[in-house]
Amino acid sequence: MAAPAAGAAAAPVTDDVDAEAFKRLYPDQYYQRFLAEGVRPDGRPIGRARAVTIGAGTITTADGSALVKVGRTTVLAGVRLEIMRPDETAPAAGALVLSVEMAPFSSADYRPGRAPDHVSAVVEKLSSALLGSGAALCIAEGKAAWRALLDVYVLDADGCVLDAALLAAVAALRDTRIPAVRNTREGHYYAARGAGGRKGGKAGEAGLVEGSPTAVGLGRLPLALTCCLYGKHVLVDPTADEERLAGCGVTVVVDGAGQLQGLYKAGGRVLADTATLVRCTEAARLRHRELSALLDASLVGQ
């Protein structure tokens, strides 16, 4: 049976067609019935984002980690540190190496042996948002620096994967405590790790490198919010079902000062006008304040 075109009269729901079947057969009509009442299928108002939880330090064997849930979207991020020799072109900088993987059960779009198309886009945008985070990881100029390996795992991709991945990455990097570093007479550098992989060693001890970094610099604190356009409505923090129905999606990345750090449009059938982009940006600034408070609360006692 072919579904009626968008904008056609909604088909009646009978006793033979339950709500879930109606949603599959006529997704636009199903959704429009909720919007006519000013709500979305999950009960949220049109302009409200989903609830967020942040659990810092969830991987005890990592140098930093965080588990983030945005509604049902779930992302785990972990940081591993290793000492490297700096690149000759940037002798006073370390490196941030990023990888993103999706669990096989994370999305109905997942196919074994082939990463979903949007994974590479998530990696590119995360790299852009976190650009410069490795600059403050120098141990000894031209001799040693930290390489931070940031692994991001998408466990449930129920919409706004980039938003949740960036939040998890930022939380994991902020949770990271860099060990003290010692150097030998031969010029070798190694981590003086204490219990649990956290910072060890005391200032003034023989061989201890003074002034080595103790945390990953995240001065801008970039965070993202995605909105999508569905008809005349701007839906904040859409679910995967809403993203599939939307005319287009817009992701806004802002920093702690409310400055725009990135603006991305994920394809779609329609264009986002200036007024819509302004609304999305203002919503992103409000979301940043909410998320930064949750970040601070999650790191208390870490």
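Are arginine 50 and aspartate 237 buried or exposed? In this predicted model, arginine 50 is buried, and aspartate 237 is buried as well. The two residues form a salt bridge, with their closest N and O atoms 2.9 Å apart. Arginine 50 sits in the loop between α2 and β1, while aspartate 237 belongs to the loop between β10 (233-236) and α5 (240-245), so this contact ties together parts of the chain 187 residues apart in sequence.

Arginine 50 also meets the side chain of aspartate 158 in a salt bridge, at 3.9 Å from N to O. Here too distant parts of the chain are linked: aspartate 158 lies in the loop between β6 (144-156) and α4, 108 residues from arginine 50. Both partners are buried.

Arginine 285 and glutamate 282 form a salt bridge of 2.5 Å, N to O, and both belong to helix α6, 3 residues or about one turn apart. Arginine 285 is partly exposed, at 27% relative accessible area, and glutamate 282 is likewise partly exposed, at 39%. Elsewhere, shared partners join Arg40, Asp42, Arg44, Arg50, Asp158, Asp237, Glu242, Arg287 and Glu290 into one network of salt bridges. In total, the structure holds 14 salt bridges.

Helix α4 (161-175), strand β9 (223-230) and helix α6 (274-299) each contribute at least two lining residues.

How values were computed:
Residues are numbered from 1 along each chain as its sequence is written. This is a predicted model: local features need pLDDT of at least 70, side-chain atom pairs count only at pLDDT 80 or more; totals for chains, interfaces and linings use all residues. Side-chain values use heavy atoms; hydrogens and water are left out. Helices (H or I, at least four residues) and strands (E, at least two) are DSSP runs, numbered from the N terminus. A salt bridge is a side-chain nitrogen of Lys or Arg within 4 Å of a carboxyl oxygen of Asp or Glu. Buried means under 20% relative accessible area, exposed over 50%, partly exposed in between (1.4 Å probe, protein chains only).
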